[in-house]
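Thanks for coming, everyone. Have the model open while I talk.

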Amino acid sequence: MKHHYWEPPIALYLFLGGLAGGILFLSAIFNSFVIPGYGEIFAFPVLISLICVAIGCVFLVIDLGQPGVFWRVWTTATSIIKWGATFLVIAAVFALLYLVAYLDQAWPIFSGLSQLLLPAADFFLIVAGFFGLCIMMYTGIMLSTLKAHAFWATPALPVLFTISAISTGCAAIVLSIGGWPAQITLESLLAAALVLEILHIVDIVLVIAELIVLLTMVLSFAGAGNVTAKKAAMRWIKGSYALPFWVGMVFIGLLVPLMMYIGGGHSAASTIVAPVLVLCGGCLLRFMVVNTDDRADIPGEIRYYNRVAKPDAEFVKKWEYGKNIF
């Protein structure tokens with residue numbers, strides 16, 4: 001049974017949230033353990049993560065149907081997006097504090113506030129990175145807990161979404177590291193170059209891992225005994241989703257970037273085209289997974305929907321509120 005209760009805004013929210021989480025998590029790891037003391041080179045990636053969080057929250061609020069009462073996400077005990085929204089808010093607050101700590105390099109007007117926050121900048125990024133990790137894991141866990149939807153109810157989905165989020169985070173950092181408002185010095189350029197070299201290798205590993213987990217999940221569902229999951233998986237393998245899956249996600253979103261990463265060296269294909277394709281593949285993955293919301297029929301459900309009047313039925317067209325009383 002397919003109703004598509006979750007529309008495209010939710011897929012965009014999951015992608016942008018995972019991307020922001022990946023950026024913050026990787027930035028915190030590198031800033032704390034690889035190149036401590038050069039936090040300014042992550043200022044622009046962190047700004048991108050904040051933009052992703054803001055846009056993602058807008059899509060989430062829009063999809064709730066009643067934007068004016070979005071705060072009920074936190075007051076409704078059964079809300080499945082409460083934890084994700086909380087993680088996003090905490091990560092965004094600490095990421096903003098981290099960013100402001102370096103704004104004096106671009107806008108002297110922030111000099112006083114930046115100097116006040118700068119000593120705690122590393123701490124701010126660690127907190128933001130931790131909650132970024134929570135966001136990445138949550139985006140897959142949220143779907144996997146919905147047991148009625150056979151294609152989502154698998155432990156492989158949180159793993160797949162987390163790997164994909166870190167991979168897209170790698171791609172975003174590669175495209176933005178060292179940009180505004182970083183202070184361009186020889187030391188910062190060398191630090192950024194070191195990060196790029198490491199991220200190049202990391203994303204190769206992540207793309208391979210994502211490809212393995214993705215194919216394992218889909219092919220295992222195709223051979224599973226669950227009729228609903230098998231039907232959804234076969235749609236990916238050789239049905240209506242086969243073209244976006246094999247060509248868009250597997251080939252263009254994973255294999256082509258992988259070949260560029262391995263054979264491209266420091267060319268534009270490896271440093272620009274491949275990261276862009278990874279981002280596109282990660283976005284397509286969320287759209288396809290969210291849209292694959294097949295579930296088994298509840299007893300009597302088909303009978304009920306078959307008896308419900310169609311919108312174009314004659315008596316429905318002639319019915320007027322308050323007049324046709326039987």
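**Helix pairs and buried residues**

Let's start with α7 and α8. Helix α7 covers residues 156-176 and helix α8 covers residues 186-222; their axes come within 9 Å and cross at roughly 150°. An angle over 145 degrees counts as roughly antiparallel, so α7 is roughly antiparallel to α8. This is a predicted model, so keep that in mind throughout.

Which hand does the crossing have, left or right? Here α7 passes α8 in a left-handed crossing.

Now the residues that touch. From α7, the contact includes Ala156, Leu157, Val159, Leu160 and Ile163. Further along α7, Ser164, Ile166, Ser167, Cys170, Ala171, Ile173 and Val174 take part too. On the α8 side, look for Leu196, Leu199, Val202, Asp203, Leu206 and Val207. Also in α8 are Ala209, Glu210, Val213, Leu214 and Met217. How does this contact split by class? It has 19 nonpolar, two polar and two charged residues.

Next pair: α2 and α4. Helix α2 is residues 43-63, and helix α4 is residues 82-100. They pack at an angle of about 145°, with their axes 10 Å apart. Again, we have a left-handed crossing, with α2 passing α4.

Who meets whom here? In α2, pick out Ala43, Val46, Leu47, Leu50, Val53 and Cys57. They meet Leu88, Ala92, Ala95, Leu96, Tyr98 and Leu99 in α4. By class, the contact of α2 with α4 has 12 nonpolar residues, no polar ones and no charged ones.

Stay on α2 for a moment. Ser49 lies in this helix. Is Ser49 buried or exposed? Ser49 has a relative accessible area of 1%, and under 20% counts as buried, so Ser49 is buried.

What does Ser49 touch, leaving aside its neighbours within four places in sequence? The contacts are Ala20, Ile23 and Leu24. Gly22 is 27 residues away from Ser49 along the chain, yet their C-alpha atoms are separated by 8.6 Å.

Terms used. Residues numbered from 1 in each chain as written. Predicted model: local features only at pLDDT ≥ 70, side-chain atom pairs only at ≥ 80, totals over all residues. Heavy atoms only, no water. Axes fitted to C-alpha atoms, helices over the stretch in contact; angles between N-to-C directions. Helix = DSSP H or I, 4+ residues; strand = E, 2+ residues; numbered from the N terminus. Parallel < 35°, antiparallel > 145°, perpendicular 65-115°, else oblique. Left-handed = near helix turned anticlockwise from the far one by under 90°. Contact = heavy atoms within 4.5 Å. Nonpolar A, V, L, I, M, F, W, Y, C, P; charged D, E, K, R; others polar. Buried < 20%, exposed > 50% of the residue type's maximum accessible area, 1.4 Å probe, protein only.
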